Amino acid sequence: MNLLTLDIGGTAMKSGLFQDGILTDCQEQPSRGKEGIGAVTEEILKTIAEAHAHSPLDGVGISMTGQISPGDGQIIFATDSIPGATGFPLGETIRQQVSFPVSIDNDVNCAAVGEGYFGSGKNFRNFLCLTYGTGIGGAIVIDRKVFYGKIGIAGEVGHMVTHAGGLPCVCGRKGCYEMYGSTNALLRRIKEITGEDWNGRQVFEHFSAPAVRSAIDAWIDEIVWGLISLLHIFNPEAVILGGGILEQPYIYDEIVRRTLDSVLESFRTSELVRASLGNLAGIYGAYHNITALLSKNQ
């Protein structure tokens, strides 16, 4: 069985080909997100057509940025990283062009499914999956299934308010968690101190500078304050923490230490676990979703 999986963001699109359950090829290309949802859809259909021509496909699984209706694949809401995406019927548009099943879900939900079946979540039935990057993404897994909420968009932890009346967020509100705990928030803090537009790697090259270290520590506290609330609300078996910045041992170790020191003692049984699949988590989650859909349709 040949299954194509796509993990689509505003900047890049990863594609993975699974043949009889084994990932045999993985590539990355521009998603053309800044050109709008029409251009992204063109890239999706082009990639599917090329893969199908090379080796006939049995299905396609898609991991997509934004709030996605898991049933029909409509984009309920998306930021301006892909102009015009909000309200776009992505699932319907793709299905009209192909003759095989297609599954579409939000990227963090897919990452949670990937980690749950193939990565750090394999030993847990109930966990949260959080990704710290440009924003903060979240997914809730209950009894090994994603909890979607009323219309399929539960888990938007990046937009819980941690600072009432705080910084304006891209969602239009103020004080959202991701405005303080995302990687972008750290880089903004560093620029305010140094005047430099550094990336995460460059920040840690200057870790020994007292001002930089202080900014990093303050940013870790912001992450921890959000995690404390989530642990007290969900009492999960585990929280899987993803995002390139968490590969820094100091960041991960301090998040774990400070969080478990700060929650109520009875909540300290939850484990804080680093994600293990890296940027392939969405690919593996999309693969699981399309295999589940094919099994259901049999």
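For the burial calls I took buried as under 20% relative accessible area, exposed as over 50%, and partly exposed as in between. I kept in mind that this is a predicted model.

I began with the tally, and the count comes to 14 salt bridges.

Next I checked Asp221, which forms a salt bridge with Arg258, the closest N and O atoms being 2.9 Å apart. This pair links distant parts of the chain: Asp221 sits in helix α7 and Arg258 in helix α8 (residues 249–262), 37 residues apart. Arg258 comes out at 12%, so Arg258 goes down as buried.

Staying on helix α7 (residues 210–234), I looked at Arg213 and Asp217, which are four residues apart there, about one turn of the helix. Their side chains meet in a salt bridge, 3.3 Å from N to O. Arg213 is partly exposed at 34% relative accessibility.

Which residues join up into a network of salt bridges? I noted Arg213, Asp217, Asp221, Glu254, Arg257, Arg258 and Asp261 as linked in one. Both pairs above have their residues in that list.

Arg32 is partly exposed, with a relative accessible area of 25%. Glu35 has 54% relative accessibility and therefore counts as exposed.

Note on methods: Residues are numbered from 1 along each chain as its sequence is written. This is a predicted model: local features need pLDDT of at least 70, side-chain atom pairs count only at pLDDT 80 or more; totals for chains, interfaces and linings use all residues. Side-chain values use heavy atoms; hydrogens and water are left out. A salt bridge is a side-chain nitrogen of Lys or Arg within 4 Å of a carboxyl oxygen of Asp or Glu. Buried means under 20% relative accessible area, exposed over 50%, partly exposed in between (1.4 Å probe, protein chains only). Helices (H or I, at least four residues) and strands (E, at least two) are DSSP runs, numbered from the N terminus.
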